[in-house]
Amino acid sequence: MEKEVIQMCGRFTLETSKEVIESELGIELYDYIPSYNIAPTQQVLALVGTTEGKKAGYLQWGLVPSWSKDPKFGSKMINARSESVDEKPSFKQLLTRRRCLIVADSFYEWKKDGEEKQPYRITVNDGGLFTFAGLWDRWQQEDQMLVTCTILTTKPNALMDSLHHRMPVILGEQAQNDWLDPNIEDKHYLKGLLQPFESTTMAAHPVSKRVNNPRNNDHALIEPVS
């Protein structure tokens, strides 16, 4: 049996219809396939800011720094701590020039209960779309190129504190605009955006442990279990 390594934030979903995503985010989608179990190394829908406005595309989840010699480095870089993002070699240059938003409609977290870990599905605004704060980079070696990303994490809010000691950074509307604005380069201001999201707009419920295996990808994964 394949052993799974669950990290924070290590899985999320995007099963909202193509039409709703396009309408709410003001983008055009191509090759969109809904997923109930998005896992590291897979392609994720992301937005980046340009001088002409935001642009949508797909990035590989798990950041491979442009200077890395090994593309497998990305499997260990699915998350970045917001508190030290301007200090770590892999991220500090990206904070001012390669920021992105990663689109989701829920994410999973595992609550430790003795020797067991129970997965929970966490939603925002009754299952509506939201975005994680992320960073991206481009890696190229000979004829191989990867465009990859990482999700920033922060301390937990009141809801997440009962599940895990960290949570992904979820940005509100104004923070999203500022995060994508290529003209904003003040590291202190940008780090100030990376705060725990308001817990009163979030909800969590336990789900099947089938989500532990990324090969499982169906609607039953998001259904509550007792």
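T148 is buried in this predicted model, with a relative accessible area of 0%; buried means under 20% relative accessible area, exposed over 50% and partly exposed in between, computed with a 1.4 Å probe on protein chains only. T148 belongs to strand β10, residues 144-154. Strands (E, at least two residues) and helices (H or I, at least four) are DSSP runs numbered from the N terminus. The side chain of T148 reaches the backbone nitrogen of V64 at 2.8 Å. A polar contact is a pair of N or O atoms within 3.5 Å; within protein, one atom must be able to donate a hydrogen and the other to accept it, and residues adjacent in sequence count only if both atoms are side-chain atoms. With residues up to four places away in sequence left out, T148 touches L59, Q60, G62, L63, V64, L135, W136 and D137, where contact means heavy atoms within 4.5 Å.

The model is predicted, and local features need pLDDT of at least 70, side-chain atom pairs count only at pLDDT 80 or more, and totals for chains, interfaces and linings use all residues. Residues are numbered from 1 along each chain as its sequence is written, and side-chain values use heavy atoms, with hydrogens and water left out.

Strand β9 spans residues 130-141 and is mostly covered, nine of its 12 residues being buried. β9 pairs with β10 in the antiparallel sense over eight bridges; two strands pair if DSSP finds at least two bridges between them. Within this pairing, G134 stands opposite I151 of β10. The two strands form a hairpin with two residues between them, and E142 in the turn has a positive phi of about 55 degrees. β9 is also joined by six bridges to strand β6 (residues 99-104), and these two strands run antiparallel. Here I102 has F132 in β9 as its bridge partner.

Six aromatic pairs are present in the structure. In the pair of F107 and F130, the ring centres are 6.4 Å apart and the planes lie at 80 degrees, so the pair is edge-to-face. Rings of Phe, Tyr and Trp (its six-membered ring) pair if their centres lie within 6.5 Å; planes under 30 degrees apart count as stacked, over 60 as edge-to-face and the rest as tilted. The pair links distant parts of the chain, with F107 in strand β7 (residues 106-113) and F130 in strand β9, 23 residues apart. F107 is buried at a relative accessible area of 0%, and F130 counts as buried at 4%. F130 also pairs with F132: their ring centres are 5.3 Å apart and their planes are at 85 degrees, so this pair is edge-to-face. F132 counts as buried, at 0% relative accessibility. Ring pairs link F12, W61, F107, F130 and F132 into a cluster.

A charged group and a ring are arranged as follows. The charged end of R99 sits over the ring of W179, 5.6 Å from its centre; this requires NZ of Lys or CZ of Arg within 6 Å of the ring centre and within 35 degrees of the ring normal.

P224 is found in the segment after β12 (202-206). With a relative accessibility of 53%, P224 counts as exposed. Leaving aside neighbours within four places in sequence, P224 is in contact with H205 and P206. P224 and H188 are 36 residues apart in sequence, and their C-alpha atoms are 40 Å apart in space.
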